[in-house]
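Dear colleague,

I am handing over the structure that we talked about, and I would be grateful if you could look through it with the notes below beside you.

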Amino acid sequence: MVVSHPEQHRGRRRPRLDRPALVALLFGLVGVVYRLVLTLFTVPVSNSDEATFGLAALHIARGREHPVFLYGQHYMGMLESYLAAPLLAVAGPSWPVLRLPMLALYAVFLYLIHRLTRRLCTPWFAAFVVGLLALGPERVVRDQLTVVGGRPEVKPAVLLMLLVTVGLAAGTVHRRRLAVGLFGLLVGLAVWSDWLILPYLAVAGLALVWAVRRELLGWSGLLLVAGAVVGVAPMIVDNLRAGPGDDSLTVFREVSTKAGPQPPWSDRIRGGLLEGVPLAHGLCPVDGCGRWQQWFGVLYPLLLVAGAALAVLAYRRAAGASRGERVGPVVQLALVAGAALTLLSYVRSPLAATSPLDNARYLSVLQLSLPAVLWPLWVAALTAWRGTSSVLGRFTGVLSSAVLAALTVTTLVATVLFAATGTAASRTEERQARELAAALRADGPHEVYGDYWTCNRLIFNTDESVVCGVLDGDLSPGQNRYRPYWRQVGRADRPGYVVAVDSPMDRRLRRLLADRADAAPVREVGGYRVYHPDAPVRPWR
């Protein structure tokens, strides 16, 4: 199937979008404009994790640093910082500017998933998928718009790999070796960016081997390997220089495994399916899913099985046909397998049971498989409405139609509720953070201590004119991702202290200041209390 039809106009051939493509374009524009408005208002709210990527982008733009991994880590790639660096070099530190590349990646994601879904399924189903993905409450848009590493860029990369595979199998790609090299480059960049995408990379690789296995024995195979090496080269170089225990694999293993008793499988599956899956697909508010919103998580494994069965059946029916006619079921099966492996990897982690709300972001890549997951429902509904099925088939079709309608309505309601009532808190918190930054930038102190969620955001908001060292609640050194900031504050003769009003850190600091507590505070601004005592308070020394 094609996206457009050629139209003769004044001697030139111009593409003319058909009706499903126009509807998909309208849905896509609504989704992009909706997210653009959120970006301009810095919704969802910024935080210090995102600020770390922003500070890295500033350092890249000014030629000070060329980080491979997120400061303080050895496994999260910095591609998003490199994408934002040229914009920040022109505009300076700004949350909307920092997030603009993420908005562009979201638009590319919509375009690619529409192209792939049209090739695999039908035009109207592709438009429906784009319409669902245009919606999004806080959990969904947070993963799409905030610069916290990995997911916004790896999803378009996987879709482009699959489109390359389809084109190679169908014979519509003319420069085949370059296309295979591009596939390898995307694999390398994705591995560098975010290891959560590994299940999808594995199945996409298998689909490529199926499509061009003979070609991979020659120059195409060499270009595939060369592209992958170029894409992952920053990671390779960093790991060769890393000290013992600082390599990516060791660090990632330590982060992803937690000591202590493992929650039972039942709790992990419940957290993964009933909370993680609905949150990742935009059916729930960010604070959790009600029972009436968990139905999609219960249904999801059944849809994966149905999607796999439909793909296998389509492949068997195409036996004897050309490779181009059989590649559709192969790619659909790859999408189903990618979702199943991702979900299995997630529920193996204890975090699926102990903290499902905070960690549902790791399932956002399941959006890649939405066409394959919902395709059985669409086929059943379409068959029933055309009246070409039995009584059981018509019942199944009506039920499938109800599920698709319920999915659409639930996602729409969650999106509208977030847009209408869920942005006020983010805007208030963002305004307070800006007030704090403006006050310290204007009147000091310019070297301060604070908690993790205050420090790097404050540094980014002040363009590094205020430098902050991270302390834990007991006033001991905390997670200082960029050590030069900590050292700079440590050399200050009279550092300040920025703490949330009446927080544990605030109470601890007042006890240490004792009779000087009333003289030390400079002011309260933006929900924070700023202390500037005459003598530094560094109890860890």
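How many salt bridges does a search of the whole structure find? The search finds 16 salt bridges, a salt bridge being a side-chain nitrogen of Lys or Arg within 4 Å of a carboxyl oxygen of Asp or Glu. Before the details, please note that this is a predicted model, in which local features need pLDDT of at least 70 and side-chain atom pairs count only at pLDDT 80 or more, while totals for chains, interfaces and linings use all residues. Residues are numbered from 1 along each chain as its sequence is written, and side-chain values use heavy atoms, with hydrogens and water left out.

Side chains of opposite charge can pair when their charged atoms come close. Helices (H or I, at least four residues) and strands (E, at least two) are DSSP runs, numbered from the N terminus. Both partners are partly exposed, D463 with a relative accessible area of 24% and R62 with 42%; here buried means under 20% relative accessible area, exposed means over 50%, and partly exposed lies in between (1.4 Å probe, protein chains only).

R62 also forms a salt bridge with E464, the closest N and O atoms being 3.5 Å apart, and this pair links parts of the chain that are 402 residues apart. E464 is buried, at 15% relative accessibility, and has a positive phi, near 65 degrees, in a residue other than glycine.

A further salt bridge joins the side chains of E429 and R457 at 3.3 Å, N to O. E429 lies in helix α19 and R457 in helix α20, so the pair ties together parts that are 28 residues apart in sequence. E429 is partly exposed, with a relative accessible area of 34%, whereas R457 is buried, at 5%. Salt bridges that share partners also join R62, R64, D463 and E464 into one network.

Cavities and a pocket

Rolling a probe the size of a water molecule over the atoms shows where empty space is left. On a 1 Å grid over the protein atoms alone, a cavity is a set of points where a 1.4 Å probe fits but cannot get out, and a pocket is an open set with protein on both sides within 12 Å along at least five of seven lines; lining residues have an atom within 4 Å of a point. Grid points are joined across faces, edges and corners, and a volume is the space filled by probe spheres set on the points.

The search of the whole structure finds five cavities of 30 Å³ or more, and the largest cavity has a volume of about 120 Å³. Of the 14 residues that line the largest cavity, L132, L133, H281, L370 and T411 are the closest to its centre. The lining of the largest cavity divides into eight nonpolar, six polar and no charged residues, where Ala, Val, Leu, Ile, Met, Phe, Trp, Tyr, Cys and Pro count as nonpolar, Asp, Glu, Lys and Arg as charged, and the others, Gly among them, as polar.

The second largest pocket has a volume of about 440 Å³. It is lined by 19 residues, of which L120, C121, A314, Q332 and W375 are the closest to its centre. Helix α14 (323-347) gives the largest share of this lining, six residues. By class, the lining of the second largest pocket has 12 nonpolar, four polar and three charged residues.

Backbone features

The peptide bond from V43 to P44 is cis, with omega near 0 degrees, and P44 is placed in the loop between α1 and α2 (48-61). The peptide bond from G444 to P445 is also cis, with omega near 0 degrees, and P445 lies in the loop between α19 (424-443) and β3 (447-450). L475 has a positive phi of about 65 degrees although it is not a glycine; L475 is found in the loop between β4 and α21 (483-490) and is buried, with a relative accessible area of 4%.

With best wishes
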